[in-house]
Structures are given as structure tokens and as C-alpha cells.
Amino acid sequence: MQHWLVRLWFAGPIHFGEAGIGEETTNVTLRSDSLYSAIWSIWGRYGLQPAIDDLLARFTGEGEAPFLLSSTFLFEGDTYYLPRPSLPAQGLEQHGKIVKQTRCVPLALFRAWTSGLPVDPEALEKANQRVDELYARNLRPR
């Protein structure tokens, strides 16, 4: 199966909501199910219904799905950020506070972390600061 990396840019502010009871929050990424729904919605809006029906049949039939989607992730230039791994990280045993504050890590740190290689706590802290600068959260009462 081919792998494609697609970068999404938005013309204006966006809101990726997270459901909650009395405490709605926002997320920095668009989940794969929402992205999947958006694709089908646009496809239908442009009158591609027969093509949609044929493609949907391929998802439910035998064999490999025509395509798979992941959630979206932050990026800056050629630096891609992935969610913090759930695995314990070598070199961060004494830095639990930094690890808890980490939401996303650059791809290079992600690979080291998931391969069991030592992760530099200073590099992780710098990455956390950069991620915080990549997006802005604003609260608007409704």
C-alpha cells in the first residue's frame, strides 16, 4: 500500500472540538473519523454519489481497504510532531513532570523514544515549548 503525507492548511481559524459533559474542550488535531466524514461530505457535495457507493462497497468487501486515514498532526516546515508515546522513555526516568506536560514530540524524538534509545530531557522541553508556539487557543463564550 502506498503512503501519502498530506499537509492541510486552513484559510482561517478552526475548531477541533472534544465532547464533554459541561466541559467542552478543543484538540490540536483532527481525529481520523472526523477527517473521514469530511471527505465523504465533500465528495457528496460535488455530486460524486455513484463513485462514493462503489468506493464504500470496497471498504465492506473482502480484501484490503482502498485507503486508510490517520488523525492529523502538527507540523512546521519539515518537522512533524506525533503524539507522545505511552511507553516509558529511556533517559526521562527522573523527568516525570516534563513527560506529563508533553503532548506531541518531533518525529526524531518519537523514533528514539519508541526504539528504546535515550531521550534528551532538554530536547524534549524545547520541543514542548515549540509545540505551544505552533498553535493558539482562544476562548470565546457562546
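I am working with a predicted model, where local features need pLDDT of at least 70, side-chain atom pairs count only at pLDDT 80 or more, and totals for chains, interfaces and linings use all residues. Residues are numbered from 1 along each chain as its sequence is written, and side-chain values use heavy atoms, with hydrogens and water left out.

Entry 1, helix 4. I took helices as DSSP runs (H or I, at least four residues) and strands likewise (E, at least two), numbered from the N terminus. Buried means under 20% relative accessible area and exposed over 50% (1.4 Å probe, protein chains only). In helix 4 (residues 107–115), I found Leu-109, Ala-112 and Trp-113 buried. Seen down the helix axis, the buried residues fall within an arc of 100 degrees (taken from the directions from the axis to the C-beta atoms), so they line one face of helix 4. Arg-111 and Ser-115, on the other side, are exposed. Just after the helix, Gly-116 has a positive phi of about 85 degrees.

A nonpolar core is a set of buried Ala, Val, Leu, Ile, Met, Phe, Trp, Tyr and Cys residues joined through side-chain atoms within 4.5 Å. The largest has 10 residues, including Leu-109, Trp-113 and Ala-89. Helix 3, helix 4 and helix 5 each give two or more residues to this core. Apart from it lies another core, of 5 residues, among them Val-28 and Cys-104.

Trp-4 lies in the segment before strand 1 (17–18).
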